[in-house]
Amino acid sequence: MAPWLDVPVVNVPVVNVTVTSELRARLADARLYLCTDARRSSGDLAPFLDAVLGAGVDIVQLREKGLEAREELALLEVFADACRRHGRLLAVNDRADVALAAGADVLHLGQDDLPVPVARRILGPEVIIGRSSHSPAQSDAAAAEPGVDYFCAGPTWATPTKPGRPATGPGLLAHVAQTHPGRPWFAIGGISLDRLGEVLAAGATRVVVVRAITEADDPAAAARAFARRLHQP
């Protein structure tokens with residue numbers, strides 16, 4: 001037998017450079033990132049997503065703890081359909097396997113989640129990976145960590161979505177802004193329209209929002225107001 005016949009075949013992934021560049025260009029342009037649950041109490045998930053994505057939300061993430069993978073994937077189909085209709089980015093929280101199965105554009109990882117190199121091996125080079133940070137040291141690390149495309153800094157104010165997590169205050173945002181990171185970053189945590197001016201004054205230009213949109217009487221109007229402020233020169 002020829003020696004080369006004993007060499008195992010290795011499938012080398014083909015990188016779609018056009019897709020990779022296009023996704024990261026959309027990330028660079030993104031200003032408003034929304035996290036929402038499945039809207040079970042109101043039963044309006046699909047129309048809600050159409051409304052807020054049409055009003056200026058750039059990235060949307062399903063954030064609901066305790067879901068089985070099958071249930072999460074079924075919900076993510078609704079998210080993915082809405083994101084395709086509006087040309088927006090779909091994000092999955094924590095789970096690289098679910099992100100891969102859902103065909104998500106973005107995987108967001110917390111400090112205690114799957115290591116970024118492992119997530120990269122699962123997802124390949126195309127999917128955007130984000131990282132949470134809660135201190136100047138963590139933000140500095142996230143700004144330089146290989147394989148990370150963006151990061152979040154906060155929570156700026158205490159929020160029930162992260163019980164027990166102490167607020168960092170706008171000081172963390174000012175720290176990150178002064179370091180001029182070479183990748184996009186988002187302020188997160190208790191950000192409302194009333195507080196947005198303080199966030200912008202600290203130097204942040206992108207925000208992650210939850211209750212200020214999901215609990216608004218008119219979610220589309222709230223999203224539109226955020227997007228208008230964030231896109232002002």
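1. Where is Asp149 found? The model is predicted, and in it Asp149 sits in the loop between helix H6 (136-144) and strand E6.

2. Is Asp149 buried or exposed? Its relative accessible area is 13%. Buried means under 20%, so Asp149 counts as buried.

3. Two arginine side chains make polar contacts with the side chain of Asp149. One is Arg24, at 2.9 Å. Another is Arg120, also at 2.9 Å. Leaving aside residues up to four places away in sequence, Asp149 touches Arg24, Leu27, Arg120, Val127, Ile128, Ile129, Arg183 and Pro184.

4. The largest pocket has a volume of about 470 Å³. It is lined by 31 residues, and those closest to its centre are Arg63, Ser132, His134, Lys162 and Ile188. Strand E5 (128-133), strand E6 (150-153), strand E8 (207-209) and helix H9 (211-214) are the elements that each give two or more residues to this lining. By class, the lining of the largest pocket holds nine nonpolar, 14 polar and eight charged residues.

5. The second largest pocket has a volume of about 310 Å³. Its lining has 16 residues, with Thr36, Asp37, Arg63, Val210 and Thr214 nearest the centre. Strand E1 (32-36) and helix H9 each contribute at least two residues to this lining. Three of the lining residues are nonpolar, five are polar and eight are charged.

6. Helix H9 gives residues to the lining of the largest pocket and to that of the second largest pocket.

7. In soluble globular proteins, nonpolar side chains tend to be buried together. Which residues of the largest nonpolar core touch the most other members? They are Leu32, Val57, Val199, Val207 and Ile213, in a core of 56 residues. Helix H3 (residues 69-86) supplies the largest share of this core, six residues.

8. Not counting residues up to four places away in sequence, it touches Leu32, Leu34, Val52, Arg88, Ile213 and Ala223.

9. Another core, of 14 residues, lies apart from the largest one. Its members include Leu27, Ile59, Cys152 and Phe186. Leu27 is also one of the residues that Asp149 touches.

Definitions and conventions
Residues numbered from 1 in each chain as written. Predicted model: local features only at pLDDT ≥ 70, side-chain atom pairs only at ≥ 80, totals over all residues. Heavy atoms only, no water. 1 Å grid on protein atoms, 1.4 Å probe; cavity = no way out; pocket = protein on both sides within 12 Å on 5 of 7 lines; lining within 4 Å. Points joined across faces, edges and corners; volume = space filled by probe spheres on them. Helix = DSSP H or I, 4+ residues; strand = E, 2+ residues; numbered from the N terminus. Nonpolar A, V, L, I, M, F, W, Y, C, P; charged D, E, K, R; others polar. Core = buried A, V, L, I, M, F, W, Y, C linked by side-chain atoms within 4.5 Å. Buried < 20%, exposed > 50% of the residue type's maximum accessible area, 1.4 Å probe, protein only. Contact = heavy atoms within 4.5 Å. Polar contact = N/O pair within 3.5 Å; in protein donor to acceptor, adjacent residues only side chain to side chain.
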